[in-house]
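Subject: Structure handover, salt bridges and cavities

Hello,

Here is the structure I promised to pass on. My notes follow below it.

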Amino acid sequence: YPYWLTLGLALPGGALLTRIFIIFHDCTHGSYLTSPRWNRNLGYLCGILTFTPFHDRRRSHAGHHIRFGDLDRRGTGDIWTLTTAEYQASSKWKRFGYRLYCNPLIMFGLGPGYYFLLRNRLPTKGGKKWDLLSVVITNGAILAIAVAAAFTIGIKTYLMVQLPVLLIGATFGVWLFYIQHQFEGVYWARHDEWDPIRAALEGASFYKLPRLLQWVSGNIGFHHVHHIRPGIPNYNLQKCCEAIPTLNDVTPLDIRTSLKSLR
């Protein structure tokens, strides 16, 4: 069959992979299933499919929830962000590196492939025994799948199928993570003044998407609700938002307004 057919199928494949990653994300919070054991098992399976180690990601993502919006505790599970004063006080090379890092061609071009294919193959700083072991298990499972593919359909065919699906899903996933905390008017505060409720309601976006994209993204557009209570599974986020006026009153982003955040 012509390769364009494979690439065409990679688009819904990447969308499905994005949804699998949202399920994985819920598992890191222990919220997707009621059984901790099966929540962990499903998390490992989804982590292998999305090239992300379960326990290592769970620890770093927990750090993000504890510190997001706090200017004095940046750097754990978030996007590199400088204040205007910090940027102006930086060296020429640091400014160049920051602008390069924030450039959409890097952030959403090279970034997703680097993060999911390379960065996730190594443990994050400060990992414990189970965090390191999850990296080894995930890497071993991915290698086993690649070896099995090499002896059946061939490694070239495997890569021609796997890489487009992974890169499409990863790019959409990185965009979602970016827009969840990078938008005009987003809340930041110094640690002494940091308010976790304000950080959730004003520092995490309410991203209204068309029905299909909302399903693909597993309701993660209700990100302000997720940060108010991370233990709510994705399939209950909309119901919770609609039931509580304060959550529903947050000004939403749509696709058009969210694109302004690329600047």
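A salt bridge here is a side-chain nitrogen of Lys or Arg within 4 Å of a carboxyl oxygen of Asp or Glu. The structure holds 6 of them. This is a predicted model, so local features need pLDDT of at least 70 and side-chain atom pairs pLDDT 80 or more, while totals for chains, interfaces and linings use all residues. Residues are numbered from 1 along each chain as its sequence is written, and side-chain values use heavy atoms, with hydrogens and water left out.

Salt bridges

Start with Arg59. Its side chain meets that of Asp56 in a salt bridge, 3.7 Å from N to O. Both residues lie in helix H3 (residues 54-67), 3 residues apart, about one turn of the helix. Helices are DSSP runs of H or I, at least four residues long, numbered from the N terminus.

Arg59 also forms a salt bridge with Asp131, with the closest N and O atoms 2.9 Å apart. That pair links distant parts of the chain: Asp131 sits in helix H7 (residues 129-150), Arg59 in helix H3, 72 residues apart.

How accessible are they? Buried means under 20% relative accessible area, exposed over 50%, partly exposed in between (1.4 Å probe, protein chains only). Asp56 is buried at 4%. Asp131 is buried too, at 6%. Arg59 is partly exposed at 27%.

Asp70 and Arg73 form another salt bridge, the closest N and O atoms being 2.9 Å apart. Asp70 is buried at 0%; Arg73 is partly exposed at 25%. Shared partners join Asp56, Arg59 and Asp131 into one salt-bridge network.

Cavities

A cavity is a set of points on a 1 Å grid over the protein atoms alone where a 1.4 Å probe fits but cannot get out; lining residues have an atom within 4 Å of a point. Volume is the space filled by probe spheres set on the points, which are joined across faces, edges and corners. There are 2 cavities of 30 Å³ or more.

Helix H8 (residues 155-181) gives the largest share of the lining, 3 residues.

H8 gives the most, with 4.

Best wishes

Technical notes: Helix = DSSP H or I, 4+ residues; strand = E, 2+ residues; numbered from the N terminus. 1 Å grid on protein atoms, 1.4 Å probe; cavity = no way out; pocket = protein on both sides within 12 Å on 5 of 7 lines; lining within 4 Å.
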